[in-house]
Amino acid sequence: MCDLRFPGGTSTSVAHEVMAAAGAGYQVGLAHLDAASLRTDRPIHPHLRALIDEGTATLVLPGQAARARLVEVRHPMVFAEPVGGRLPITAQQVVVVAGQVPVDGDGTRHYDPSVVDAHVVGAFGRRGVWAPISPVVRQTLDASASVGAIRLLADDWVEVIDPTVWVVERPGPVDPDRPVIGRHSRPSALKWPSTPADLLAAYPDDGSVRVRVLGGTAGVAEVLGHEPSRWEVTPFGGQSARAFLAGIDVFVYQHHPDLVEAFGRTVLEAMAAGVPAIVPPTLRPLFGDAVCYAEPGEVQACVWALWRDRSAYEAQRRRGLAAVHERFSLAAHVARIEGLIGAPGPRSGPLSPPSLDAVPPRQRAEVPTVMFAALGATRAELAELVVTIARQRARTGGFLPVVVGTEPAPPEAGDLGVAFETITHRRNSVLPAERWPEYAQGRLSQLARRHRVSSITVANLADPDAAIALRVRPPGGAADER
């Protein structure tokens with residue numbers, strides 16, 4: 001269970017865990033819950049969308065009952081607020097994977113572990129065990145664990161990667177005259193050193209080395225007072241990370257002192273691609289001898305030492321690749337699942353249709369409720385509409401559909417868990433013909449309020465009665481879009 005819209009490393013990590021578990025024979029479901037930290041509207045992350053489309057994972061819709069031997073809550077922020085009741089998901093075990101520290105170095109609090117723990121209990125009826133993704137996160141959680149607020153898993157839940165798709169051939173230096181260093185990360189000022197001296201020490205702009213950046217330079221101009229003129233910058237999404245890593249000699253990641261880096265997935269990707277990485281010493285407990293460590297002022301000496309000594313360069317590459325295979329591979333994820341719940345069991349059948357009554361209040365408020373006005377549609381047309389709605393619902397994080405027709409509900413509505421309401425057809429109405437549109441519009445407005453509809457759409461704009469629904473406003477008011 002996670003916010004399936006998360007950009008960057010979180011969703012990428014979830015995708016790799018899904019591939020690992022499904023490849024080993026486990027049956028995997030993905031359930032969406034909005035994270036308090038992600039307020040913007042986004043679609044499902046494309047990697048997760050692809051896994052659902054190809055059947056590697058099943059999307060568990062809001063209100064859909066499911067049973068699981070293990071529920072992994074990916075990121076505490078999805079339970080920073082209570083859901084307001086029990087989710088219809090029965091869990092034998094719950095693991096809360098903490099991929100972010102509760103408090104950053106500048107005092108910014110992201111979540112309270114004891115509060116999140118209580119909200120998990122409210123949602124599943126049992127306590128979860130917490131799994132930090134790195135020693136850095138474990139250290140920040142230890143205080144909570146020491147007073148009994150949360151329980152910690154013995155081992156860190158490190159992120160995993162498929163090394164087979166990352167390795168690139170490296171016959172020699174990218175540029176025979178000077179090192180090519182680079183980094184890729186999400187655009188954020190916290191992802192860069194905070195002073196001009198530290199930033200330019202790590203990433204020179206004097207031509208002594210070539211600097212390549214993937215993901216943009218947000219925050220750099222604020223530190224330097226200008227954009228670096230010699231850097232080679234590719235915007236986020238402009239190139240695949242693997243292709244980018246194939247074009248650099250050394251991966252250099254130095255960040256703002258206020259950022260407590262929980263893991264550093266981009267560092268793991270560099271290791272998997274066979275690129276030596278230079279990172280802050282704070283990451284030593286996580287990566288050990290798989291990478292090199294330096295403060296900003298020490299980076300260039302380390303870069304040149306690796307570039308000039310090819311045997312040292314190759315030895316560092318091999319240490320990084322060995323660590324990926326031993327500690328951060330898909331097989332490592334399968335092993336920790338087996339340690340918690342044993343080998344894969346028999347596969348269960350398809351999930352039952354979702355029920356509006358099983359959607360807890362917070363999730364009901366977060367997920368759009370869409371009314372589909374289908375006045376005048378035949379039973380066959382309504383059945384086709386319901387099937388189409390269910391198909392589209394499975395391509396999102398879930399929305400709550402309500403179909404309103406002038407014929408009885410087709411069987412498909414019950415089979416697929418699509419709510420259906422019927423209003424009296426004009427041919428069966430006791431009202432005068434000229435009064436029926438007023439009645440129909442009133443009933444649509446009443447049903448929109450009852451179901452707390454967030455948007456209204458018309459199933460067939462060619463129908464003569466379509467104009468009736470076009471005049472109905474969702475409960476939110478006149479400015480709402482249809």
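A disulfide is a pair of cysteine sulfur atoms within 2.5 Å. With that cut-off, a search of the whole structure finds zero disulfides.

Good morning. The structure is a predicted model, in which local features need pLDDT of at least 70 and side-chain atom pairs count only at pLDDT 80 or more, while totals for chains, interfaces and linings use all residues. Residues are numbered from 1 along each chain as its sequence is written, and side-chain values use heavy atoms, with hydrogens and water left out.

I shall stay with the cysteines for a moment. For Cys302, the nearest cysteine sulfur is that of Cys292, 4.2 Å away, and Cys302 is in no disulfide. Cys302 is buried, at a relative accessible area of 18%; buried means under 20% relative accessible area, exposed over 50%, and partly exposed in between, with a 1.4 Å probe and protein chains only. Cys2 also counts as buried, at 2% relative accessibility.

Next, the aromatic rings. Rings of Phe, Tyr and Trp (its six-membered ring) pair if their centres lie within 6.5 Å; planes under 30 degrees apart count as stacked, over 60 as edge-to-face and the rest as tilted. The structure holds ten aromatic pairs. In one of them, the planes of Phe287 and Phe328 stand at 50 degrees, with the ring centres 5.9 Å apart, so this pair is tilted. Phe287 belongs to helix α9 (residues 284-287), and Phe328 to the loop between α11 (310-327) and α12 (330-341), 41 residues apart. Helices (H or I, at least four residues) and strands (E, at least two) are DSSP runs, numbered from the N terminus. Both Phe287 and Phe328 are buried.

Phe372 and Phe399 form another tilted pair, 6.4 Å centre to centre, with 40 degrees between the planes. This pair links distant parts of the chain: Phe372 lies in strand β15 (residues 369-374), and Phe399 in the loop between α14 (379-393) and β16 (400-405). Phe372 and Phe399 are buried as well.

A charge sits over a ring if NZ of Lys or CZ of Arg is within 6 Å of the ring centre and within 35 degrees of the ring normal. Likewise, Arg310 lies over the face of Tyr313, at 4.2 Å from the ring centre.

That concludes my presentation. Thank you.
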